[in-house]
Amino acid sequence: MIERRDLLKLGAAAPLALGFPAALLARTAGVAMWVRDTRFGMTGAGLMPAANEHLVDGDVTGLWTGSLDAAWRKRGFVVAGVTGSDALFVLEHLAWSRGRRVTQRQEIAPAQGALPALVQWTIEPTHPSMKA
Amino acid sequence: MAILPPDVSAANFAKALDAFRAVLGADWVFSSAEDLGPYRDSFSPVWDTQQERLASAALAPANVEQVQAIVRIAGQYRIPLFPISTGKNFGYGGPSPNVTGSIVLDLKRLNQVLELEEARAFALVEPGVSYFDLYRAIEEKGLKLMIDCPDPGWGSPIGNALERGIGYTMAAFRDHFGASCGMEVVLPNGELMRTGMGALPGSKSWQEYKYGFGPDPSGLFAQGNFGIVTKMGFRLYPRPEHYRTGLITVPKRRDYVKLVEICNYLNDAMLCGEIVYASPLAALMSKPDFAALAKKPGGPSDAEMDAAASAAGLPSWQVDLQFFGPEATTAANWAYAKDRILSAIPGAKAIDGDAFALPATPKQMENATQPYRTSIRRHGALGVPSLGIWKIVRDDGHLGFFPILPRSGEAVFEMQRVMCDALREFDTLPSYFNATTAPLHWHSFAFQMVFAPPVRRSDLAHNAMVDRAMKKAVEVAAKHGWGDYRAAPIYQDAVADTYSFGNHALRRFHEQLKDAVDPDGIIAPGRGGIWPKRFRK
């Protein structure tokens, strides 16, 4: 698991310190759920509204079956998160099938060892049948 | 510049899109570059090159009548359609068509589980239904049925079956096309056809007897391009009461031959579920000396491999066995398997694994309590859809060459040796074939091995090397009688070309059929290596 000190070594401290939290928090309006990838340790912890936070370990099965599958059959429901690129790959393809797109993405840290790149993203409904 | 269908002018393409909009509504006709992004192959080794196969538009009909109308309009304008179910066929082309300029027919809105029958153990579904959807429908109704799903579970039972996809439970259900029973198809002229008992008006046994009377054409729609499947039935596994696992190891390399013989019996006699082979020696591949031995030109000798195993204190092979059924039956079948193998192979050892009642608890699904290192992913083994497999995907995905080989230890040794030597020049790729490589028993009655080289969009030289490796793998395997069972559009012609008995009699037969029912190539020209006359060079 990457801890904050590992991200510092990776050079990811700058975005964390200079703007990543602010940028994330700037997009809180209308976000129905936050997703955080626990493989990356402290990253993002405390930055997301806890009540709407969903934790994943790279596997988004529970997120899909427990929340998004139902939520994304209806209009609206913006989701934002900080996850590995592998988790985002899956979520992006699921989003496409439900009239949604990744409308914002920013790599926070590159892939290292067994861990994929860490990415901050937002998924919003874009198809007329899904827009709020 | 916008992509046009082959031999269609921009003006006629615009007219066709207007006609599609009149049928579907403008919101379900996609033609902008942004809208078509989801219809590219995310795993393409030719991403952003001239070779990438791109759609000109995509359509998402809401019902069968709209599918029929689309086919008729496409026929009028001679525009190829490329039907997809959920479009998640990654590693085999995803949602991208064989012919650039085709219109993708996205069937995701046909997403109803039409029938679920516990007492007769079947489902009838539409193509946009995913394995998750089918699983949820069974759970919501509280039915004692088990599905057999692939990794991952976001695909469509229809799409996967039509690709001859596989799963991980009992042999009767792992072959997803084999477990299908009855289909409804929109033909290239827009007519609607039902196969088997579905052709008999008033029949109530469409999902119980797949043949009806006369020739059964359903096989033509798997990896084929003779119609668009809009409904399909599937036999389901009555949920077993109990699940039991066990591990058997054998000490010597040559023991694998007898082990496979006995396990074939266990599989074919329906005594166990998917059999999962592995070599514990694969853990030594990080050691240069051992890796050199395992990849030795011409293959290592049995004695050399046995000496390496002995030095490492490891058995040469292991097999994970799984048993389904009443608790007493699973115990008896495991006892029988142990007795058969341990009495036949000196030095074989058995370890009892997890055993529990079904359905499994969330904790049991984690598969964290086995007293041995297991290769089994429990979600798949128990027919519970998952997306966890994507955690192992790196780079920009991978390709897939899965050659079919006979179920014998000798055949495994031969493929290890031949393919290792053939792919030696591509030494920057992972070692998919070496003396520790085990076959997969995903198919009901055949082995396959895996060549799944990674793709990197930003590294064209790497992708070009992977492309050469794929083509060489297909060619060399075919010379030894090993054929791929499934391929991405860019490799389908090469694979189809290897099935050449009788001067390509099979392909010529397919072409005759295609010319007869779809001379303009409206349905997925090139799919499965079958081209109508219009597209044949």
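1. **The sheet of chain A.** In chain A, five strands make up an open sheet of mixed pairing, ordered β2-β1-β3-β5-β4. Its edges are β2 (53–56) and β4 (100–109) of chain A; each has a single partner strand, so one side of each is left without a neighbour in the sheet. From one strand to the next, the twist averages 15°. Axes here are lines fitted to C-alpha atoms, for helices over the stretch in contact, and angles run from 0 to 180 degrees between N-to-C directions. Strands pair if DSSP finds at least two bridges between them. Strands (E, at least two residues) and helices (H or I, at least four) are DSSP runs, numbered from the N terminus.

2. **Basis of the model.** This is a predicted model, in which local features need pLDDT of at least 70, side-chain atom pairs count only at pLDDT 80 or more, and totals for chains, interfaces and linings use all residues. Residues are numbered from 1 along each chain as its sequence is written, while chains are lettered from A and ligands numbered from 1 in the order in which they are written.

3. Strands β1 (residues 31–37) and β3 (residues 78–84) of chain A run parallel. Five bridges join them. V35(A) sits opposite G81(A) of β3(A).

4. **K131(A).** This residue belongs to the segment after β5 (118–125) of chain A. K131(A) counts as exposed because it has 12 C-beta neighbours inside 10 Å. The cut-offs: 20 or more other C-beta atoms within 10 Å of a residue's own make it buried, 12 or fewer make it exposed, and anything in between is partly exposed; C-beta atoms are placed from the backbone. Leaving aside neighbours within four places in sequence, K131(A) is in contact with R75(A) and P125(A). Contact requires that the C-beta atoms, placed from the backbone, lie within 7 Å. K131(A) and G99(A) are 32 residues apart along the chain, and their C-alpha atoms are separated by 8.5 Å.

5. **Chain B overall.** Chain B has 16 helices and 18 strands. Its radius of gyration is 24 Å, close to the 24 Å that the globule rule gives for 537 residues, so chain B is as compact as a globular protein of that length. That radius is taken over C-alpha atoms, and the rule is 2.2 Å times the number of residues to the power 0.38. The C-alpha trace of chain B spans about 75 × 55 × 45 Å along its principal axes. Of its 537 residues, 50% count as buried. Take the contacts in chain B between residues at least 6 apart in sequence: 70% of them join residues at least 24 apart.

6. **Helix α1 of chain B.** The 15 residues of α1 (residues 10–24) of chain B should span 21 Å at 1.5 Å a residue, and the end C-alpha atoms are 21 Å apart, which agrees. The expected span is 1.5 Å times one less than the number of residues. Buried in α1(B) are F13(B), A16(B), L17(B) and F20(B). They cover an arc of only 100° around the axis, which puts them on the same side of α1(B). The arc is that of the directions from the helix axis to the C-beta atoms. An α-helix has 3.6 residues a turn, so residues three or four places apart point the same way. Their cover includes β1 (29–30), β2 (57–59) and α3 (64–77) of chain B. On the other side of α1(B), A11(B), D18(B) and A22(B) are exposed. Just after the helix, G25(B) has a positive phi of about 90°.

7. **A hairpin in chain B.** Strands β5 (residues 113–117) and β6 (residues 122–125) of chain B are antiparallel, paired over four bridges. V113(B) stands opposite V125(B). Four residues separate the two strands of this hairpin, and A121(B) in the turn has a positive phi of about 55°.

8. **Backbone points to check by eye.** D151(B) and P152(B) are joined by a cis peptide bond, with omega about -10°. P152(B) is in the loop between β7 (145–146) and α5 (157–162) of chain B. The bond from L358(B) to P359(B) is also cis, with omega near 5°. H504(B), not a glycine, has a positive phi of about 60°. H504(B) lies in helix α16 (residues 501–517) of chain B. A524(B), in the segment after α16 of chain B, has a positive phi near 40°. A524(B) is buried, with 26 other C-beta atoms within 10 Å.

Technical notes. Two residues are in contact if their C-beta atoms, placed from the backbone, lie within 7 Å.
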